[in-house]
Amino acid sequence: MVRIMRDTIKWVANRMPKSDDRQLSIMSLGNVAKARFFHSSFPQYSITPLARLDGMAKYLGLGGLFVKDESYRFGLNAFKALGGSYAMARHLGEQLGLSQDQLTFEALGTPEAREKLGERTFVTATDGNHGRGVAWAARQLGHRAVVYMPKGSARERLENIRAQGAQAEITDLNYDDAVRLADRMGREHGWT
């Protein structure tokens, strides 16, 4: 954590105990490299630009400050395109007997892979960007997506998700209940 006080920067050490959460290994450098490798295999992949924040860097006394602009990612203008797509790829890869090192857009889209997988349906709950990313990835990989949104979600976000080919609806449920609905519908219909 960084605190800015009267043009000086104070650093505070993170003294939280190490976690025994076995799921944290998903964020290891090796796994991050595998996810990057997968996403870079998409035909429309490009490195997202860095925006220079020279004024803020000067104010903070830094030599440079940059922010990665994910609004360019895959033309989605949404920053949550990667998590869902990689989870979907890992699931499809498991079904095909592929290791994470073999996961590429091309490998998941071969005629043999499509014949073995058939058309899958991925289901999720979202109030916007995550659902848009899941819908986009499902379409890119030749599958379907169903997206449930909580009450109060913006109509524009719903239409952005539908524009990616997903079946999507704004429910009369709160967010947690929309997640439960997605889970229940997935189990009832055999969706992922």
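At what angle do helix 3 and helix 6 pack, and how far apart are their axes? In this predicted model, helix 3 (residues 81-96) packs against helix 6 (residues 129-140) at an angle of about 45°, and the axes of the two helices are 7 Å apart. Because of this angle, helix 3 is oblique to helix 6, and the crossing of the two helices is right-handed. Helix 3 contributes A81, G84, S85 and M88 to the contact, whereas helix 6 contributes H130, G133, V134, A137 and A138. Sorted by class, the residues in the contact of helix 3 with helix 6 comprise 5 nonpolar and 4 polar residues, with no charged residues.

The model also contains an open sheet of 3 strands, which are arranged in the order 5-6-7 with parallel pairing. Strand 5 (121-125) and strand 7 (167-170) stand at the edges of the sheet, and each has a single partner strand, so that one side of each is left without a neighbour in the sheet. On average, and with direction ignored, neighbouring strands of this sheet are turned by 10° against each other.

The pairing of strand 5 with strand 6 (residues 144-149) is in the parallel sense and extends over 5 bridges; T124 has V147 of strand 6 as its bridge partner.

Notes
Residues numbered from 1 in each chain as written. Predicted model: local features only at pLDDT ≥ 70, side-chain atom pairs only at ≥ 80, totals over all residues. Heavy atoms only, no water. Axes fitted to C-alpha atoms, helices over the stretch in contact; angles between N-to-C directions. Helix = DSSP H or I, 4+ residues; strand = E, 2+ residues; numbered from the N terminus. Parallel < 35°, antiparallel > 145°, perpendicular 65-115°, else oblique. Left-handed = near helix turned anticlockwise from the far one by under 90°. Contact = heavy atoms within 4.5 Å. Nonpolar A, V, L, I, M, F, W, Y, C, P; charged D, E, K, R; others polar. Pairing = 2+ DSSP bridges.
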